[in-house]
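Please read the following account with the sequence and the model side by side.

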Amino acid sequence: MDDSREMALEEIFGNYVSWKLDEVTWIISFMNGSEYIYLLEGEEKALLLDTGYGIGHLRNLVERLTRKPVIVANTHYHPDHSAGNAEWEEVLLSPGWPVDAPSLEGGRYPRDPSAWVYPDYRKTVVHDGDVIELGGRSIRVLEALPAHCNSSLFFVDEGHKMLFSGDEFESSQTLVYDNSCNPDAPYHVEKRIANLRSNAVRLREIAGEGWFVLPNHNGTPISRAYLDGYVALCDAIYAGTAQIEDKLNHRYIEMDPKAPELCRVRFGTCSIFIKKAEVLKVYGTKK
Ligand SMILES: [Zn+2]
């Protein structure tokens, strides 16, 4: 990577923009507007979902948006969601975080350790069904089955009909190839596709009429109909009716050394990136 590209990436990733979704919910956007961090305020505390790439002083911004004590949690342990954790004393994480931990060191991305006051921050594991009480606002934690990665949590805000889906479901594409940078991490394509489907089925039962899905990339909030779309996509993979495209049409993923092995699998409004050789193992197996 040459210096000019480092500079360009730093400019994109480090530029936070924030706005209110409602009176008690902030969206903090970065990566040129394509990635999001969420700040949910209750009467007593606030919850920060993700900490970005660790560029600049995110905490300064967060503490300007809310005066409440801030609880920090990660939707999953990937560098663009958790590399800024060390600005806080404690972060709530999924039990699977150690499996994806090498991804924080495995990629080259801009970061600024000058803001990392707590390099040995406390990692507190939360479990399916745990509730984070913010005062008049309760956020339920769900553990995702491994699909995008091994460390995803979903956050359910029943009162505001908001479902925070991390990188497991979004409007453009879910990445379903192994991205842990961990040679010992398990990856079975049969399980990944089945898990993607099971997660979508579980979430669409929670997110009824009037709910929105809030992912971390490529548009937010999005329709709950995407959850139906992902179920249909998985079924179309099994049926052999999903479209397999060699052209990814994604600027950043195309820079990844894995890119030549990947394909986009599309059905209706939803798509995934996955290794072509892997998806062909399940494609058309349940006609
Ligand atoms: Zn991710």
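Which residue in strand 5 does Leu-47 stand opposite? Leu-47 stands opposite Ile-71, and the two strands concerned, strand 4 (residues 46-49) and strand 5 (residues 70-73), run parallel and are joined by 4 bridges. Helices (H or I, at least four residues) and strands (E, at least two) are here DSSP runs numbered from the N terminus, and two strands pair if DSSP finds at least two bridges between them. The model is a predicted one, in which local features need pLDDT of at least 70 and side-chain atom pairs count only at pLDDT 80 or more, whereas totals for chains, interfaces and linings use all residues. Residues are numbered from 1 along each chain as its sequence is written.

Together with helix 2 (residues 58-65), strands 4 and 5 make a right-handed β-α-β unit; a crossover is right-handed if, with the strands pointing away from the viewer, the path from the first strand over the helix to the second runs clockwise.

Seen as a whole, the protein has 8 helices and 17 strands. Its radius of gyration, 18 Å, is close to the 19 Å that the globule rule gives for 287 residues, so the protein is as compact as a globular protein of that length; the radius is taken over C-alpha atoms, and the rule is 2.2 Å times the number of residues to the power 0.38.

An open sheet of mixed pairing is formed by 6 strands in the order 8-9-10-11-13-14. Strand 8 (131-133) and strand 14 (222-223) stand at its edges with a single partner strand each, so one side of each is left without a neighbour in the sheet. Within this order, strand 11 and strand 13 (residues 212-215) run parallel and are joined by 4 bridges, and Phe-164 has Leu-214 in strand 13 as its bridge partner.

Helix 6 (residues 189-206) has 18 residues and reaches 26 Å from its first C-alpha to its last, close to the 26 Å expected at 1.5 Å a residue, where the expected span is 1.5 Å times one less than the number of residues. Its buried residues include Ile-193, Leu-196, Ala-200 and Leu-203; a residue is buried if 20 or more other C-beta atoms, placed from the backbone, lie within 10 Å of its own, exposed if 12 or fewer, and partly exposed in between. What covers the buried residues of helix 6 includes strand 10 (153-157), strand 11 (162-166) and helix 7 (225-239).

The largest nonpolar core has 69 residues, and those with the most contacts inside it are Leu-47, Phe-154, Leu-163, Tyr-230 and Ile-274; such a core is a set of buried Ala, Val, Leu, Ile, Met, Phe, Trp, Tyr and Cys residues joined through C-beta atoms within 7 Å. Helix 7 gives the most to this core, with 6 residues. Leaving aside neighbours within four places in sequence, Leu-163 is in contact (C-beta atoms, placed from the backbone, within 7 Å) with residues that include Phe-154, Leu-203 and Leu-214.

Most residues other than glycine have a negative phi, and most peptide bonds are trans. Met-31, in the loop between strand 2 (25-30) and strand 3 (35-41), has a positive phi of about 55 degrees although it is not a glycine, and Met-31 is buried. Asn-218, in the loop between strand 13 and strand 14, has a positive phi near 60 degrees and is partly exposed. Pro-221 is found in the loop between strand 13 and strand 14, and a cis peptide bond, with omega about -10 degrees, joins Thr-220 to Pro-221.

Definitions and conventions: Two residues are in contact if their C-beta atoms, placed from the backbone, lie within 7 Å.
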